[in-house]
Amino acid sequence: MTVTLDDALARWSPVIGMETHVELGTRSKMFCGCPTTFGAPPNANTCPVCLGLPGALPVANEAAIRYTILIGLALHCSIAPWCRFARKNYFYPDMPKNFQISQYDEPLCVDGWLDVEMDGQTHRVEIERVHLEEDTGKSLHVGGATGRIHGADHSLVDYNRAGIPLVEIVTRPDIYSAEVAKAYVAALRDVVRAIGASDVKMEEGSLRCDVNVSLRPAGADTLGTRAEVKNVNSLRSVERAVRHEIVRQAERLDAGQRIVQETRHFHEDTGTTTPGRSKEEAQDYRYFPEPDLVPIAPDAAWIEELRSSLPEMPVERRRRLTAELGLSEVDQAAMSNAGVLDLVLATVDAGAPAADARNWWLGDLLARANAADVDPGELGVTPAQVARVCAMVTDGTLTATMAKEVFAGVVETGDDPDAVVAAKGLRQVSDVDALGAAVDEAIAEQPAVAQKVRDGKTAAAGALVGAVMRATRGQANAAVVRTLVLERLGVPEA
Amino acid sequence: MAITRDEVAHLARLARLALRDDELDHFATQLDVILGAVARVAEVAADDIRPTSHSVPLTNVFRPDEVRPSLDPVASLAGAPAAEDGRFRVPRILEEEA
Amino acid sequence: MTDLTRLTAAETARVVRDGEASAVDVAQAHLDRIAAVDERVHAFLHVDIEGALGAARAVDERRAAGDDLGPLAGVPLALKDVFTMAGVPTTCGSKILEGWRPPYDATVTRRLKDAGLVILGKTNMDEFAMGSSTENSAYGPTRNPWDLDRIPGGSGGGSSASLAAFMAPLAIGTDTGGSIRQPAAVTGTVGAKPTYGGVSRYGLVALASSLDQAGPCARNVLDAALLHEVIAGHDPFDSTSIDRPVPEVVAAARRGDVQGMRVGVVREFAGEGYQAGVQQRFTEAVELISSLGADVVEVSCPHFDYALAAYYLILPSECSSNLARFDAMRYGLRVGDDGTRSAEEVMSLTREAGFGDEVKRRIILGTYALSSGYYDAYYGQAQKVRTLITDDFTKAFETCDVLVSPTTPTTAFRIGERVDDPLAMYLADLCTIPSNLSGGAAMSVPCGLAPEDGLPVGLQVMAPALADDRMYRLAAAFEAAHTEAHGPILDGAPAL
């Protein structure tokens with residue numbers, strides 16, 4: 001390629017729209033009671049309805065409708081007071097009925113937005129629509145070189161996936177860089193995950209992206225011809241696919257050639273796109289309202305009930321954490337990546353200061369979890385217990401070192417921190433009388449050090465404090481010991 | 001003519017019907033007559049009328065998200081013209097998925 | 001020994017219940033009758049001898065055990081071949097499903113079995129229910145027992161012929177534009193289309209989803225009502241199924257009086273194209289109804305003149321989509337798979353070979369009517385006309401309890417007479433189509449023989465949605481009075 005990305009971006013402005021399909025994590029399929037479990041033997045999860053046998057009829061899954069509305073609400077959409085399913089008619093062997101039950105001009109949710117934060121800036125991506133449809137079966141292409149269609153001799157079809165509910169989310173052509181496109185998908189994924197509607201794993205196909213890219217001259221406001229890129233199976237691929245398209249289209253436009261409106265296939269290995277079926281005739285899907293399903297008319301009360309059941313959305317939660325708790329973006333990213341963000345928040349809810357909660361979960365507890373090869377949430381230490389330990393450190397009952405021993409005990413025995421403290425006899429000793437003897441003894445054993453302190457080198461007191469700590473097996477309150485040492489040696493505290 | 005032979009050929013392709021030439025001619029003539037008769041729906045003034053898609057006044061008919069027994073895969077595949085490895089065997093597919 | 005095949009369904013059930021005959025004897029008598037006459041009539045595509053005798057035996061066993069038998073237990077029945085029946089061939093009158101044995105029962109099939117009805121077999125029909133004469137069956141036509149050179153009506157000609165030839169006392173049909181009522185009219189039997197949504201469509205192979213409805217066929221109104229109550233009622237497997245109590249049609253059929261009922265004669269169902277003898281018997285029927293104490297008025301439903309046009313846009317559109325699943329991939333016929341052809345080619349060759357002409361015509365018409373650019377003018381506009389037709393009914397039912405008309409403009413025409421003229425064939429549905437478009441209830445009951453040809457004429461009674469009981473009430477009262485005056489209509493049928 002002769003054009004670099006920067007070259008291209010100097011002359012051309014990319015306009016990007018995203019179409020995302022989310023496979024809902026319902027127990028049963030969209031229109032029948034077959035299970036949605038992954039990995040079943042081929043065609044084990046099928047019935048007359050999802051096989052499209054003559055005479056079979058669909059009945060809509062209530063949970064799928066609910067999740068779709070929740071996603072719409074989380075994306076700030078308006079929910080249609082009345083809408084219908086529609087048939088999208090086309091022939092393909094993985095489509096049991098040779099029409100897909102979807103929604104056409106009456107989507108369940110419309111006109112929303114999602115804020116995408118990147119490098120300190122907020123990009124508001126407009127959501128055109130969110131609608132509900134059913135997934136197709138899966139074909140294995142046999143006989144060709146790469147397992148793809150070209151050169152295949154025949155195909156084998158498994159309809160286990162046919163009929164699984166899919167939510168389609170379409171943005172307006174409202175994204176202007178590859179980085180934001182990628183961040184949008186990540187943000188959308190976080191929203192859907194927060195709702196619990198899907199496990200949204202791109203690598204498993206429960207989150208699929210089609211990327212639409214067009215270019216226009218820098219500064220213009222007309223839209224250019226777009227290409228649709230499919231088979232984009234990871235966040236990184238979203239970015240790479242967009243960048244490739246920008247360069248590819250720029251080269252053509254620079255050379256005076258037109259962009260063909262077509263579907264292109266993204267290749268992971270080369271990072272390039274190649275044309276799929278050329279759309280000389282645009283597909284005519286002959287949409288009409290699905291006569292076998294009656295309209296959906298969610299009433300205002302139900303929508304409000306769903307709205308109030310929405311958990312805190314990731315963006316809002318991050319903002320709240322930053323403001324209320326003084327946790328920075330970097331902190332949040334670290335906690336999120338380690339899988340401890342919710343645990344930290346719960347610990348804060350249980351009364352611990354945010355910084356302490358963060359430190360324990362990201363530090364000692366994470367290390368223990370990694371050593372035991374479990375998720376931090378499965379370690380056996382609850383946020384309430386962590387909050388209790390923090391309190392005991394703050395009030396002087398425990399030293400930091402003792403606290404670690406307490407956690408070890410909690411993990412081992414399952415007892416609460418107080419019980420572990422009692423059982424192990426761990427109690428930070430702060431009592432001056434109790435410590436006095438140990439301080440005197442340490443001074444007696446290190447006369448040279450004691451003299452240095454008397455002579456004004458207060459820093460040398462550390463060795464004496466250390467000796468007391470060892471003698472008390474770490475249970476002495478170090479600060480109190482230091483004060484006592486300086487007092488005994490007649491030196492004012494610095 | 002309301003509908004030409006070429007249009008019928010196009011529609012037959014869309015509908016996956018491999019019509020023979022004589023059928024194309026025959027159907028084009030017949031469909032032209034039928035279309036002429038049914039097109040009279042246009043005579044009815046209906047700009048402000050809502051179309052009826054369902055004659056039963058129901059809304060919100062749902063089922064709970066519960067698993068029900070599926071068919072035995074042997075039964076699902078029983079009617080298949082061809083099967084292999086528990087899957088429906090179909091001839092080579094030309095087009096990429098839509 | 002009573003001829004068990006000449007009894008009504010209600011009588012048959014009583015005979016079995018009282019032990020006068022076993023269900024097996026009853027079943028066998030009907031199987032014998034089928035063997036004796038069906039070669040000439042061709043009502044059945046498949047006779048399920050083993051299944052029928054097995055079901056009959058089960059009824060006898062339950063009776064012996066002292067179990068409560070339902071009102072129709074042990075009664076033989078003919079099931080239109082458009083309903084799935086597990087393990088039994090279901091062809092819908094088409095080559096594309098030749099040999100297909102479904103892995104599941106339709107809800108209607110299951111309810112029939114649960115009620116102890118003895119399903120004798122699957123009856124012939126126009127292919128995928130498209131037609132008014134049963135000549136579109138890929139397996140050859142059914143013949144009208146009144147005159148074997150004439151059509152028995154369609155699409156459910158097999159069901160009605162089986163009744164008229166005494167091969168079964170009960171049958172089940174489906175009605176999308178008149179496919180139960182018109183065959184009933186031309187064979188001198190009774191057929192009802194319940195309110196849309198009144199009977200489950202799960203397992204009913206779809207023609208036009210927003211119009212199709214399953215219904216009872218019998219030789220008299222009470223039998224039809226009894227069967228109606230067995231099959232009707234909410235089904236969670238059908239989203240369009242009505243979730244309300246089944247109208248009390250049996251009680252209505254037994255009621256016997258129509259004093260004060262307001263009966264509307266629809267002005268638009270008369271005139272050119274209506275056979276003189278049909279109009280005459282209809283007029284006489286209206287007079288008889290009036291003499292029973294009903295108030296007869298004339299009403300106008302002006303948009304009914306557009307019903308045929310709207311129907312022949314809506315139906316092909318929906319069926320072009322419903323029939324797309326027949327593509328040789330998962331079941332049914334597969335043609336042309338020689339190892340070199342693509343899936344797309346095999347689909348096209350199979351559908352070309354497996355579908356008959358009428359099916360192909362309607363698929364193409366429907367594909368056209370839904371096409372981008374044509375949708376608004378055709379399908380969209382037809383659905384608006386449908387609203388206007390429904391409004392006409394609503395207005396008429398403000399002043400009437402029921403409406404009446406001839407069921408179909410002519411008596412049974414000859415086999416081959418209209419087969420090359422689709423539009424002429426469509427005219428048979430002129431009176432029946434509006435009720436399918438509105439979703440209301442309608443039924444046909446015999447009202448005599450046409451003087452010019454001695455062939456049966458049907459009276460259609462229409463009621464508002466959910467008021468099926470009203471039509472049974474009027475039909476039963478009329479039937480009683482007409483039979484008293486003229487004798488049972490089937491007594492006039494030639495012996496086979």
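Predicted model: local features only at pLDDT ≥ 70, side-chain atom pairs only at ≥ 80, totals over all residues.
Start with the rings. Over all chains, 22 aromatic pairs are counted. One of them is formed by Phe288(A) and Tyr379(C). The geometry is edge-to-face, with 5.6 Å centre to centre and 65 degrees between the planes. Planes over 60 degrees apart count as edge-to-face. This pair joins two chains, because Phe288(A) lies in strand S15 of chain A, residues 288-289, while Tyr379(C) lies in helix H13 of chain C, residues 376-399.

How buried are the two partners? Phe288(A) has 1% relative accessibility and counts as buried. Tyr379(C), at 2%, counts as buried too. The cut-off for buried is under 20% relative accessible area.

Tyr379(C) also pairs with Tyr375(C). Here the rings are tilted, at 5.3 Å centre to centre and 55 degrees between the planes. Tyr375(C) is partly exposed, with a relative accessible area of 22%. Tyr379(C) therefore takes part in a pair with Phe288(A) across two chains and in a pair with Tyr375(C) of chain C.

Chain C also holds a cluster linked by ring pairs. Its members are Trp100(C), Phe128(C), Phe326(C), Tyr331(C) and Phe355(C).

Charged side chains meet ring faces as well. In chain A, Lys97(A) lies over the face of Phe99(A), 5.4 Å from the ring centre. Another such contact involves chains A and B: Arg50(B) lies over the face of Trp82(A), at 5.0 Å from the ring centre.

What secondary structure does chain B have? There are 3 helices and 3 strands. Along the sequence, their order is α-α-β-α-β-β. The radius of gyration of chain B is 22 Å, whereas the globule rule gives 13 Å for 98 residues. The value is well over the rule, so chain B is more spread out than a compact globule. The C-alpha trace of chain B spans about 50 × 45 × 25 Å along its principal axes.

Now the surface. Of the 98 residues in chain B, 41% are buried. The accessible surface of chain B is about 5200 Å². Carbon and sulfur atoms account for 50% of that surface.

Chain B carries 11 positive and 18 negative side chains. The centres of these two sets lie 4 Å apart.

Note on methods: Residues numbered from 1 in each chain as written. Chains lettered and ligands numbered in written order. Heavy atoms only, no water. Phe/Tyr/Trp six-rings, centres within 6.5 Å; stacked < 30°, edge-to-face > 60°. Helix = DSSP H or I, 4+ residues; strand = E, 2+ residues; numbered from the N terminus. Buried < 20%, exposed > 50% of the residue type's maximum accessible area, 1.4 Å probe, protein only. Lys NZ or Arg CZ within 6 Å of the ring centre and 35° of its normal. Rg over C-alpha atoms; globule rule 2.2 N^0.38 Å. Areas by Shrake-Rupley, 256 points an atom, 1.4 Å probe, with all protein chains shown as cover. Lys, Arg positive; Asp, Glu negative; His and termini not counted. Charge placed at Lys NZ, Arg CZ, Asp CG, Glu CD.
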